[in-house]
Amino acid sequence: MRRLRTFRGGTHPPEGKDLSRDAAVRELSAPAELVVPLAQHIGRPASACVKAGERVLRGQRIGKAEGFISANVHAPVSGKVKRLVPCNTPLGLVSEAVLLENDGADAWAGGLNEPSDAALLSAEAIRARVQEAGIVGMGGAAFPTHVKLSPPDGKVIDTVILNGVECEPFLTADYRLMLESPRTVIEGFKLILRAVRCARGVVAVEANKPDAFAVMEEACRRHAGEGVGLSAALLEVKYPQGAEKQLIHALTGRETPSGGLPMDVGVLVQNAGTAHAVYEACARNRPLTERIVTVTGPGVRTPQNLRVRIGTPVRALLEACGFDAAAARKLVFGGPMMGVAHFDPDLPVNKGMSGVLALTAASPPGWRNCIRCGRCVEGCPQRLVPSELSILIESGRFRDADEIHANDCMECGVCAYVCPARRPIVQWIKLAKVEIARERRREAARTGKEAP
Amino acid sequence: MTNEYLVSPSPHLQAGEDIPAIMRGVSLALAPAFLWALYRFGYWAIVVTGLSVLSAVLTEALCQRLRGVPVTVDDWSAVVTGLLLAAVIPPNVPWHVPVLGAAFAVGVAKQCFGGLGANIWNPALLGRAFLQASFGAQINSGVWPMTRAESVWGAVSTSLRGSFQALSERAADVVTRATPLEELKRIVEPAVDAMGGPTAVLSAPVLPPAAGPWVQQGAVCVTWSRWLDAFLGNVPGSIGEVSALALLLGGLYLLARKIVSWETPVAFLGTAALLGWMLPARYLAASGATAHTGWFAGPGLYHVVTGGAMIGAFFMATDMVTTPIQRRGQLVFGAGCGLLTVLIRLYGGYPEGVCYSILLMNTLVPLIDRYTRARVFGVKKGGARP
């Protein structure tokens with residue numbers, strides 16, 4: 001028996017993956033109208049480069065990246081731009097969006113959707129393609145991928161990790177992708193390796209997906225070579241196994257410094273879905289206009305993994321899966337541990353949306369005093385003392401919370417999940433981070449120095 | 001779809017076990033000890049326990065009403081305090097002793113500090129310390145009857161008339177004996193006659209000398225039957241602490257349910273056994289003078305199965321609220337409790353040291369927590385921020 005790699009801490013919530021793990025990815029036909037947000041990523045929103053009434057083809061750029069840390073947005077269907085509209089985003093903000101009328105032809109713009117020989121692409125060319133295709137981290141964070149592929153001079157990447165862990169309960173989108181399309185994922189992974197001139201790639205899969213692991217291990221063996229070493233690693237089933245810093249530590253033993261990035265320890269982590277998107281952009285000339293979304297939870301009758309166009313209203317996904325509108329109490333975008341709840345079922349699917357959960361039970365309100373049981377301390381993958389943070393923040397002592405490293409919290413939510421007193425610990429820490437930043441800005445304004 | 005959907009920050013899942021579930025788990029873990037008490041001491045032990053629990057719950061509710069905060073007796077924590085207090089007082093006490101003790105434990109030791117989670121000292125143990133100070137004769141007489149009353153009503157009616165003494169006199173099968181710890185306080189060295197056999201023992205009038213621990217060739221000896229009695233609980237003592245076996249079963253249950261971690265009990269009992277064996281014990285020499293044994297001559301494991309060591313290690317020193325939150329801290333805490341327990345037992349004024357040793361260590365918890373805090377992931381030792 002192979003020894004499973006893991007990190008210290010964490011917890012094991014009920015997986016809930018059985019609901020959708022056997023549902024093969026199904027294409028959801030594009031709706032008649034799509035709302036394509038211009039802010040789907042971390043960084044500056046893209047700016048619209050089409051006008052109302054203009055005809056667009058699939059893959060045509062409709063939103064232009066504003067600066068380096070931003071991402072292009074492309075038309076997911078062919079049709080007509082009706083107008084620019086405001087739309088809700090899962091983060092609770094309002095984004096400008098392009099309202100598209102689908103003509104049903106699905107006609108690609110010139111030169112797109114045609115195979116090209118990705119094997120000939122240089123590192124620079126891959127980065128350019130990725131940037132042009134508007135690819136962002138598809139595990140949920142939606143950070144522009146070309147930025148991660150462009151480490152500054154002096155930062156050498158010696159290991160790239162393909163994150164197929166999918167430790168969030170309920171989600172099976174990456175699992176299905178790896179199982180059904182290992183070749184494109186591995187090809188995309190190799191392109192990423194080439195883009196950062198790295199020769200060592202590790203595919204990380206959690207032990208609850210042995211079939212996906214076997215498939216990826218086989219793919220690694222078949223596609224290694226040409227100076228590139230590929231391997232697959234099996235990890236213990238534990239949340240948050242897929243958290244970047246914890247994953248790096250489990251696989252390489254390196255500890256990403258507080259406030260630092262994986263590149264500081266010579267590592268780059270990319271999600272399996274992102275690798276697939278990189279392959280699509282480089283080998284098939286297809287910009288990012290669709291993604292796989294797990295639609296699941298007790299509030300839908302037939303949970304599924306759907307390949308959907310960016311901009312499809314979530315309502316269409318839910319209805320395709322037998323949405324039980326009477327029972328659903330909460331809609332969550334992403335996984336149940338870190339996903340975002342939103343009131344608007346007409347919210348459009350964006351590039352980072354890995355799942356849509358319809359939950360039927362809402363946790364009862366209210367919490368009690370901390371009884372110092374230590375479960376949050378045991379569970380915190382960052383080795384913080386969440387109980388103490390929660391007590392400090394509850395009484396408004398943000399500065400003290402800062403002293404005991406509130407900002408090192410990565411908001412995985414293990415503390416709040418395990419808390420027998422039902423204290424909203426991670427929620428308070430999120431609040432404290434905002435307050436700490438505000439305090440630092442005030443301090444900086446007073447002393448006339450730059451905020452750190 | 002005209003639903004309104006709840007919006008709240010993540011996580012959107014919650015683990016099953018809440019505070020009432022934990023407290024019910026602790027109560028259940030005490031069941032073997034109380035069942036043994038029912039068998040060993042009779043109904044009155046259970047009546048005393050019931051009074052203690054009732055008083056704890058009512059005091060909790062009353063205090064919370066007075067404080068104007070929600071009444072949370074449904075969290076079972078007052079029940080646990082009531083049970084633990086009853087466990088550490090003798091069965092032969094009049095009814096007002098558990099009632100006052102539990103009222104003090106919950107009203108003063110817990111609610112005055114802000115209720116569950118905010119108290120510094122273990123409420124049940126502070127309640128016991130209060131009783132020791134107030135009813136020392138009944139709580140710490142040293143020689144307790146080991147008896148079974150003939151009926152509940154007989155026990156209640158005699159208790160209402162004042163004391164257990166009357167009850168003891170009425171009971172048919174009274175056996176009066178010193179507690180194992182009292183015996184440990186009065187170790188004697190049998191005199192040896194010219195033939196090498198033991199002669200009459202000089203001291204310890206209530207002790208059947210051959211049965212209690214004695215000193216032979218400079219080492220403390222305990223008979224196997226005494227050992228077994230202490231382990232099983234065939235000894236006089238407090239209601240819930242006589243049977244090491246019953247408490248061990250409950251402790252293993254708590255460990256299995258992950259309500260307690262192994263660090264505290266292992267460090268506590270390990271230190272007590274080690275020091276109980278290592279440190280010289282005081283005894284009454286055959287010459288009539290007080291003497292000390294040599295080093296490494298004590299009955300180490302006997303210290304673990306007697307008195308409050310087991311209940312202290314598994315149920316008191318593991319109280320979440322009043323003990324360190326980090327596992328490393330729990331090792332320090334447990335070891336400190338073991339050390340103080342043995343020091344008090346061997347050289348202190350009381351036969352038993354568990355109660356005060358835990359209370360003293362409770363006081364040190366914030367300090368232990370501070371010095372055992374783990375290094376934050378990605379932060380260099382010393383905690384400097386990047």
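The model is predicted: local features need pLDDT of at least 70, side-chain atom pairs count only at pLDDT 80 or more, and totals for chains, interfaces and linings use all residues. Residues are numbered from 1 along each chain as its sequence is written, chains are lettered from A and ligands numbered from 1 in the order in which they are written, and side-chain values use heavy atoms, with hydrogens and water left out.

**Chain B overall**

- Chain B contains 18 helices and six strands, taken as DSSP runs numbered from the N terminus (helices: H or I, at least four residues; strands: E, at least two).
- Of its 386 residues, 56% count as buried (under 20% relative accessible area; exposed is over 50% and partly exposed in between; 1.4 Å probe, protein chains only).
- Among contacts in chain B with a separation of 6 or more, 74% join residues 24 or more positions apart; a contact means heavy atoms within 4.5 Å.
- The accessible surface of chain B is about 16,200 Å², and carbon and sulfur atoms hold 66% of that surface (Shrake-Rupley method, 1.4 Å probe; for residues, only the protein chains shown count as cover).

**Helix 4 of chain B**

- Because eleven of the eleven residues of helix 4 (residues 77-87) are buried, this helix is largely enclosed by the rest of the structure.
- The buried residues of helix 4 pack against several helices of chain B, including helix 3 (43-67), helix 5 (96-110) and helix 15 (309-316).

**Nonpolar patch on chain B**

- B:Leu35, B:Leu38, B:Tyr43 and B:Ile46 make a nonpolar surface patch of about 350 Å² (residues with over 30% relative accessible area and no salt bridge; nonpolar side chains, namely Val, Leu, Ile, Met, Phe, Trp and Tyr, are joined within 5 Å, like charges within 9 Å).
- Helix 2 and helix 3 each supply at least two residues of the patch.
- B:Tyr43 lies in helix 3 and is partly exposed, with a relative accessible area of 40%.

**Interface of chains A and B**

- The contact takes 66 residues from chain A and 47 residues from chain B.
- The buried area is about 4,800 Å², with 54% from carbon and sulfur atoms (accessible area, 1.4 Å probe, that two parts lose on being put together, summed over both).
- In chain A, A:Arg368, A:Ile371 and A:Arg372 lose the most area to chain B, together 16% of what that side buries.
- Six salt bridges are counted between the chains (a side-chain nitrogen of Lys or Arg within 4 Å of a carboxyl oxygen of Asp or Glu).
- A:Arg375 and B:Glu17 form a salt bridge through their side chains (2.5 Å, N to O).
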